[in-house]
Amino acid sequence: ILRHSEMRTIQNVCIVHLTIADITALALNLPLSYWDALHGTWELDLTTCRLFLMSKDFTAVLVVYSVVALCIERFMIVRTSYNLRNGCRIYQSQPTLFIFIIWIFATITTLPVYFTATVKDRCLFCSPDNTNYIQRIWTFQFIMYCFVPAVSLTLLNTMTTYPLIKLFREMPVVINNLTLA
């Protein structure tokens, strides 16, 4: 992808991006999760705790919204292909812009976790007596990392399917070299 500009499609960039996010998750989260589960108490420093909690959320956001970006790209391609018959302009994807926006969004939404994480025998999102904050964080994470992507994927897939169904219904049917219109 780096050498050949024709390979820089949103699909290829998102696949490479997903690979990087998965490798990052494995490299950071797996060893620290194992350490946390094995020892029962957090013996590492506060910065490591903060990076651990932030990286779990960060990689989740990267993966989830990369899938959403792939779905947006597919929708745009189908919509553009369908509209070409009507003389609309061709959609030009900007894969680096998609990825840049995803990274900015992931950074902005996970940065508060870095600043509120604390160590009280365990690596925690916030002080144990601050249950209101943790409820707000988990509600925000559920909405932004689960609900919004699920609704977006459902809507985009539905809106992608409709023009395809309409297009297939308009196509002539060929059976045994006979055209049925």
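Me: What do buried, exposed and partly exposed mean here?

Reply: Buried means under 20% relative accessible area, exposed over 50%, and partly exposed in between, with a 1.4 Å probe and protein chains only. This is a predicted model, where local features need pLDDT of at least 70, side-chain atom pairs count only at pLDDT 80 or more, and totals for chains, interfaces and linings use all residues. Residues are numbered from 1 along each chain as its sequence is written, and side-chain values use heavy atoms, leaving out hydrogens and water.

Me: Why does Phe-58 count as buried?

Reply: Phe-58 counts as buried because its relative accessibility is 12%. Trp-103, at 34%, is partly exposed.

Me: How is a pair of aromatic rings described?

Reply: The distance of the centres and the angle of the planes describe it. Rings of Phe, Tyr and Trp (its six-membered ring) pair if their centres lie within 6.5 Å; planes under 30 degrees apart are stacked, over 60 edge-to-face, and the rest tilted. The whole structure holds six aromatic pairs. In one of them, Phe-58 and Trp-103 have ring centres 5.1 Å apart and planes at 70°, so the pair is edge-to-face. Phe-58 lies in helix 2 (residues 46-84) and Trp-103 in helix 3, 45 residues apart. Helices are DSSP runs (H or I, at least four residues), numbered from the N terminus.

Me: Where does helix 3 have a kink?

Reply: The bend at a residue is the angle between axes fitted to the seven residues ending there and the seven starting there. In helix 3, a kink of about 35° lies at Thr-110, shortly before Pro-112. Thr-110 is among the buried residues of helix 3, as are Thr-109 and Val-113.

Notes: Helix = DSSP H or I, 4+ residues; strand = E, 2+ residues; numbered from the N terminus.
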